[in-house]
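Colleague: Could you walk me through this model, please? I would like the cut-offs spelled out as we go.

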Amino acid sequence: MNLAEGVQIVSFGILAAMMLGAAIGVVLLENIVYSAFLLGGVFISIAGIYLLLNADFVAAAQVLIYVGAVNVLILFAIMLVNKRQDFQPLRRGWIRKAATAVVCAGIFALLSTMIVSTPWAISTATPAGDASVVVIGLHFFSDFLLPFELASVLLLMALIGAVVLARREFLPDDEADRAQVEALRLPERPRELVPSGRDETVN
Amino acid sequence: MNPGIDLQGSFIESLKSFGLPAGAAKLLWMPFPMLVILVVAVLSVFALVWLERKISAAAQQRIGPEFIGPLGILAPLADGLKLAFKEDVVPAKSDPLLFTLGPAIVVIPVFLSYLIVPFGQNMVITDVGMGIFLWIALSSVTPIGLLMSGYSSNNKYSLLGGLRAAAQSISYELPLALSVLAVVLMSNSLSTVDIVNQQTGYGILGWNIWRQPVGFLIFWIAALAECERIPFDLPEAEEELVAGYQTEYSGMKFALFYIASYVNLTLSALLFAVLYLGGWEFFVPIGTIAGFFNISETAPWLQVVAAVLGISMTLLKAYFLVFIAILMRWTVPRVRIDQLLDLGWKFLLPVSLVNLLITAGLKIAFPVAFGS
Amino acid sequence: MDFASLAVQLNAGTIVPEAIVLITLMTVVVSDLIIGRQASAQWTPYIAIAGLLASVVALFYQWDVANPISFIGEFNGDALSVVFRGIIALSAATTILMSIRYVIQSGTSLAEFITILLTATLGGMFLSGSDELVAVYVSLETLSISSYLLTGYTKRDPRSNEAALKYLLIGASSSAIFLYGASLLYGLSGGETRLSTISASIASAGLAQSIGLVIALVFAIAGIAFKIAAVPFHQWTPDVYEGSPTPVVAFLSVGSKAAGFALAIRLLVTAFPLVSEQWQLVMTTLAILSMVLGNVVALAQTSMKRLLAYSSIGQAGFVMIGLILGTDAGYSSMVFYLMVYLFMNLGAFTCIILFTLRTGTDQISEYAGLYQKDPLLTLALSVCLLSLGGIPPLAGFFGKLYLFWAGWQAGAYPLVILGLVTSVISIYYYIRVVKMMVVKEPQEMSDSVKNYPPTDWTLPGMRPLQVGLVSALIATSLAGIFSNPLFTLANDSVLKTPMLQQALGRSKAPIAKQMAPTISQQLSLQITEVSTKKAVSLPKSMVHS
């Protein structure tokens with residue numbers, strides 16, 4: 001074992017321990033803020049493992065997207081609505097916890113048996129290393145063109161959907177035909193609507 | 001092209017001549033550039049604090065620090081000493097663990113980003129393929145630290161400051177990344193060294209600032225916002241939020257925030273110089289000067305001169321930008337938080353997208369001038 | 001390489017129908033942005049319907065393409081996918097017809113609703129033809145995420161919020177499980193993502209009977225079963241159907257479900273032929289559970305939307321019979337049933353929307369005596385419900401007949417008998433509603449029906465609702481008797497699909513299947529060339545590392 005291999009094994013051990021510890025913390029800690037911060041730790045450790053796997057672009061993208069965007073958004077959501085609420089401890093709550101633990105342990109045992117017993121085909125392709133960005137780009141614009149372009153539609157729609165969900169709802173400006181439409185109604189009809197365009201002009 | 005001075009190569013060679021194996025020599029070399037950069041980055045904080053004081057004084061027609069050392073040059077040192085010996089207060093109802101961790105998470109990514117700052121052809125800690133993307137990715141970690149310290153202080157001003165800081169840095173990351181992407185598009189590489197090399201050959205005329213005037217302005221605005229400098233220092237706006245997420249901090253923990261903000265400013269200025277001002281390039285190409293005096297480009301002494309010139313050019317450009325940033329701090333009023341977010345999302349983001357589109361179009365139309 | 005030659009090389013002609021939907025979507029978004037909400041509500045729905053119908057016409061021309069494989073193996077526009085894409089596009093068009101008045105009435109904006117619905121349609125259409133794991137996953141997510149948004153579209157209504165949240169949470173976890181299964185497939189096959197090559201490489205690696213493949217299968221089925229709402233992955237269905245806006249439910253129960261079935265056929269047949277016994281066993285279990293649970297629980301429902309939710313679970317169970325059989329007749333009966341289901345289910349939802357708009361409720365008891373006030377609505381709803389139950393002259397009867405006949409032919413006797421029993425149960429609860437509407441005496445009329453407003457078809461958005469109602473009525477009542485064209489279409493779609501014929505062991509692999517890999521090989525060559533060139537031209541990376 002030379003120096004590089006030793007460094008790799010030690011870093012893998014550290015990263016794996018970090019990731020597992022943080023992940024267990026995310027699930028088990030009572031304080032949701034701690035869970036959210038630890039989730040960031042999980043993401044960072046995964047990025048480290050990507051680095052060890054010679055996928056530096058994926059690692060950087062992981063940090064940018066998961067830590068920089070997803071986790072920060074989660075934290076935002078938690079901190080803006082952080083209502084401290086004491087939950088009544090469930091009677092016989094431990095049964096649920098124990099059952100969950102048993103199920104999780106079972107799935108873990110199943111999956112790890114599967115992983116160990118399968119003779120995985122190991123790719124012989126040389127890792128792209130520094131040129132990985134170029135290779136990824138070529139794939140995006142050749143054999144993965146369709147999902148790449150479809151993802152742009154997906155993102156556009158997610159953008160529109162987020163705006164729809166987040167904006168204040170307006171009533172149509174002309175209330176004139178309201179009486180005429182009174183014949184029709186829906187259970188979903190929201191009653192306390194703000195007329196559109198009014199409060200903008202006020203302030 | 002001038003291959004530049006290869007310090008690593010010569011260091012390893014000289015150690016090998018003492019009979020060390022190549023691996024061990026490399027191992028000895030590895031911490032060296034990191035230490036140098038770390039020390040230089042911390043020293044730059046002192047320089048910046050001093051500059052800030054002197055320039056602010058000049059802007060307000062005062063003298064500024066004068067008696068602590070020549071021209072008050074030791075004033076920042078006194079500041080540092082004060083902070084180092086100050087009592088480290090952890091508020092009673094705070095969350096001590098997160099309270100301590102917050103400043104660390106803010107500082108670490110900033111220092112890590114120095115990995116990719118080049119001072120010469122071979123004078124960079126590591127020329128990874130990710131290059132500039134690494135910086136963008138790392139700088140997106142900082143908001144977590146800010147949120148952490150804002151939350152753990154158990155103080156509404158701190159929490160608001162932390163939330164503002166995170167919102168601000170998310171909003172301005174997008175135009176920043178998009179304007180960097182336009183530069184990357186021209187140089188066909190994310191590596192900072194390649195980006196500088198793509199600007200070489202024509203001296204000052206080859207710098208990206210002429211080809212990316214819009215991107216350059218967007219980058220500067222976004223970088224100021226990322227560093228939370230006035231006019232974008234909303235997270236610590238003292239009239240509204242006492243001091244934002246730093247309110248409860250004192251002693252070395254406060255000093256960490258302080259260091260991080262100045263180191264980040266230097267970093268942004270350095271990368272600005274690399275991306276738009278030709279990095280280590282002199283105003284006239286070194287090769288042209290050497291050709292004019294009939295000197296071989298590979299002469300050892302010329303390489304040393306070129307390396308020194310490269311470092312000083314990079315620093316010169318960066319400090320010019322720092323000077324502008326400080327001048328702005330003392331001359332420009334602060335924007336409001338809604339204006340700040342409007343500017344980021346409704347103006348800078350579309351403009352930077354259009355800039356990217358135009359750059360791509362120009363690259364196809366004029367491959368000679370915009371990178372092929 | 002210019003654009004035209006690139007399009008030819010990618011064989012981009014096969015996605016023209018999707019391109020039409022995409023252009024329609026962009027037109028709706030941009031025109032709504034430019035001319036404003038009030039003005040755009042007048043005509044964006046009609047643009048969207050026109051676009052969807054144009055897409056169906058374009059699909060018609062895709063029927064007999066020589067080479068259905070496009071985008072270097074990403075997309076397979078074979079006859080089966082054409083039929084499914086047609087079903088999805090038609091269901092979206094009908095959904096828009098019924099949603100115009102509804103959305104205006106609920107005080108939300110119409111253009112965004114149509115945009116999101118069109119995106120869901122696009123996702124579903126791509127999902128029906130995706131032939132590669134990444135494309136499958138991205139289109140699945142396009143469909144799912146737009147469905148979550150549609151579910152929560154009437155955001156001032158707490159029921160809608162609850163439905164959206166439940167749907168999102170369960171959907172996200174099911175798609176995560178699906179993704180895990182897909183990644184296992186990728187690993188087992190040694191880095192293959194194309195469905196058609198996965199099974200071959202797994203077989204050549206000697207992993208045909210490995211536990212990993214079975215786990216991948218179970219995980220993939222978990223993702224699919226969520227989309228088609230098969231028991232035990234159905235828990236979201238009743239709550240989501242009850243809470244979300246009714247047109248959305250109509251789309252979810254037809255379009256989204258059809259896309260799920262398309263994915264099920266393609267994935268199970270092409271990627272899991274090595275474990276076909278296992279997947280048939282799992283699907284049989286799911287089918288039995290769905291038929292029994294869906295139809296039995298539906299008996300106890302008091303809300304019309306919940307009733308249809310459980311009925312749709314039961315219907316999914318019937319359709320799965322066709323999938324399990326693994327015969328020509330099985331697949332084509334499945335396609336046929338889905339086509340019939342499109343008309344009758346959407347017709348039923350149109351009627352419910354109309355009733356809800358008039359009375360503001362969807363309780364079954366409130367339908368009492370409707371015949372006295374609105375004979376047309378009563379007729380349409382009765383026909384659709386009876387057709388769903390499978391009463392003879394209507395379309396649903398022939399659909400079920402074909403399914404059960406195919407099952408009997410293939411020797412799946414217990415399954416067919418169970419199907420017969422459960423459809424008899426289903427007839428009970430469908431007829432209960434019909435009886436409620438028709439035979440009540442005037443004095444037993446419910447309060448809502450007593451206050452039933454006079455029908456006014458001239459209000460904005462009511463005319464399309466009328467058109468949808470009448471056309472669904474006609475289609476449901478006549479599609480059964482004149483079912484021959486639909487029948488031929490379903491049969492042809494199976495016979496002309498190389499993937500199914502190959503799986504049934506009938507024909508050799510067509511030329512088109514062999515052509516695509518050569519293109520991708522060329523491409524991968526090109527890519528390795530570039531990467532090596534890059535590695536050579538950047539020696540500094542070696543200097544520093």
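Modeller: Happy to! Helices (H or I, at least four residues) and strands (E, at least two) are DSSP runs, numbered from the N terminus. Residues are numbered from 1 along each chain as its sequence is written, while chains are lettered from A and ligands numbered from 1 in the order in which they are written. The model is predicted: local features need pLDDT of at least 70, side-chain atom pairs count only at pLDDT 80 or more, and totals for chains, interfaces and linings use all residues.

Colleague: Which helix of chain C holds Leu150(C), and is Leu150(C) buried or exposed?

Modeller: Leu150(C) lies in helix α6 of chain C, residues 133-151. A residue counts as buried if 20 or more other C-beta atoms lie within 10 Å of its own, exposed if 12 or fewer, and partly exposed in between, with C-beta atoms placed from the backbone. Because Leu150(C) has 28 other C-beta atoms within 10 Å, Leu150(C) is buried.

Colleague: Leaving aside neighbours within four places in sequence, which residues is Leu150(C) in contact with?

Modeller: Two residues are in contact if their C-beta atoms, placed from the backbone, lie within 7 Å. With neighbours within four places in sequence left aside, the contacts of Leu150(C) are Ile116(C), Leu117(C), Ala120(C) and Val248(C).

Colleague: What radius of gyration does chain C have?

Modeller: The radius of gyration is taken over C-alpha atoms, and the globule rule is 2.2 Å times the number of residues to the power 0.38. For 545 residues, a compact globule would be near 24 Å, so the rule agrees with chain C, which has 24 Å.

Colleague: Where is the kink in α16(B)?

Modeller: The bend at a residue is the angle between axes fitted to the seven residues ending there and the seven starting there. In α16(B) a kink of about 35° comes shortly before the proline Pro350(B), at Leu348(B).

Colleague: Which helices of chain B do the buried residues of α16(B) pack against?

Modeller: The buried residues of α16(B) include Leu340(B), Leu348(B) and Asn355(B). Their packing partners in chain B are α8 (156-187) and α11 (213-226).

Colleague: How many charged residues are on the side of chain B that touches chain A?

Modeller: In this interface, 21 residues of chain B are in contact with 20 residues of chain A. Ala, Val, Leu, Ile, Met, Phe, Trp, Tyr, Cys and Pro count as nonpolar, Asp, Glu, Lys and Arg as charged, and the others, Gly among them, as polar. By class, the side of chain B that touches chain A has 18 nonpolar residues, three polar and no charged ones.
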